[in-house]
Amino acid sequence: MKKVVIVIPTYNESENIERVINLIYEKTKNLNDYSINVLVVDDNSPDKTYEVVEKVSKKNKGVILLKRKDKAGLGTAYIDGFRYAFKNLNPDVIFQMDADLSHDPKEIPNFLREIERYDFVIGSRYVKGGEILNWGIARKVISFFGNFFARVVAGMYNVKDCTTGYRAIRAGLLKKIDLDRINVHGYAFLLGLLHACYRKKARIKEIPITFLDREYGSSKLTKKDMFEFFINSFRLRFK
Ligand SMILES: Nc1nc2c(ncn2[C@@H]2O[C@H](COP(=O)(O)OP(=O)(O)O)[C@@H](O)[C@H]2O)c(=O)[nH]1
Ligand SMILES: [Mg+2]
């Protein structure tokens, strides 16, 4: 039995988090070789997302809440989540996933099939069969160019989607990464982590996903995040 820990950072996702957790368990119930934990890292959301998670975790022992005091960014939420998982959960595979249902849990079995042969499986919007639905043109352009820029500047030409937040990583690989050295707080962490794994010669596989825009709540991506992202792309180039 292999242990999977799905790390989900949340900030004001009270309308989404219960639905996404239920879907995760529904879509994985036939996977007999894996046990699934969901680790929600909530930054004391004003909408009390953590209360929803606490309620769900009373019924489902696989669901764990890691609550932080203040909003401290997507990147550090993942770092704290990974550390918690290594310390307490003994994972074989770690997932990164958003709470807003943009990442369809029905893909989880496909990730797990590939992680048998690869170290780092990317849910990709930019390979054949991948797509983005319901995003406005502005957001699509930002994502496409941000990703293109990052790939080229950071030197990962053969990875098509470097900025997706839907991924599965072998614990053995993730353990070898010095998370402090990635040294970013926000969304730039997604690129930094991929780059660190790339440099460790991880076997990387992209699988197509359909990214759906959120129905509830709003995006937390800020200009500051975008700025950090661009600066960091250059830092990675010269690392
Ligand atoms: N814990 C935590 N989660 C965050 C933070 N910023 C974003 N998130 C979560 O990260 C995921 C992706 O954010 P989202 O706003 O959907 O970004 P977008 O899809 O790029 O618009 C969601 O589950 C958010 O709730 C943060 O500062 N702390
Ligand atoms: Mg989103």
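Which residue in β4 is the bridge partner of Val4? It is Val93.

This is a predicted model: local features need pLDDT of at least 70, side-chain atom pairs count only at pLDDT 80 or more, and totals for chains, interfaces and linings use all residues. Residues are numbered from 1 along each chain as its sequence is written, with chains lettered from A and ligands numbered from 1 in the order in which they are written.

**View 1. The open sheet of seven strands.** The strand order is β3-β2-β1-β4-β7-β5-β8, with mixed pairing (pairing needs at least two DSSP bridges between two strands; strands are DSSP E runs of at least two residues and helices H or I runs of at least four, numbered from the N terminus). β3 (63–67) and β8 (204–208) stand at the edges, each with a single partner strand, so one side of each lacks a neighbour in the sheet.

**View 2. β1 beside β4.** The strands run parallel. Four bridges join β1 to β4 (residues 93–96).

**View 3. Helix α5 against helix α9.** The axes of α5 (residues 137–154) and α9 (residues 223–237) come within 8 Å and cross at roughly 20 degrees (axes are lines fitted to C-alpha atoms, for helices over the stretch in contact; angles run from 0 to 180 degrees between N-to-C directions). That makes α5 roughly parallel to α9 (angles under 35 degrees). Gly146 and Phe149 are among the α5 residues that meet α9 (contact: C-beta atoms, placed from the backbone, within 7 Å).

**View 4. The shell around ligand 1.** Of the 21 residues here, Pro9, Ala77, Ala99, Ser219 and Lys220 come nearest (C-beta atom, placed from the backbone, within 6 Å).

How values were computed
Angles under 35 degrees count as roughly parallel, over 145 as roughly antiparallel, 65 to 115 as roughly perpendicular and the rest as oblique. Two residues are in contact if their C-beta atoms, placed from the backbone, lie within 7 Å.
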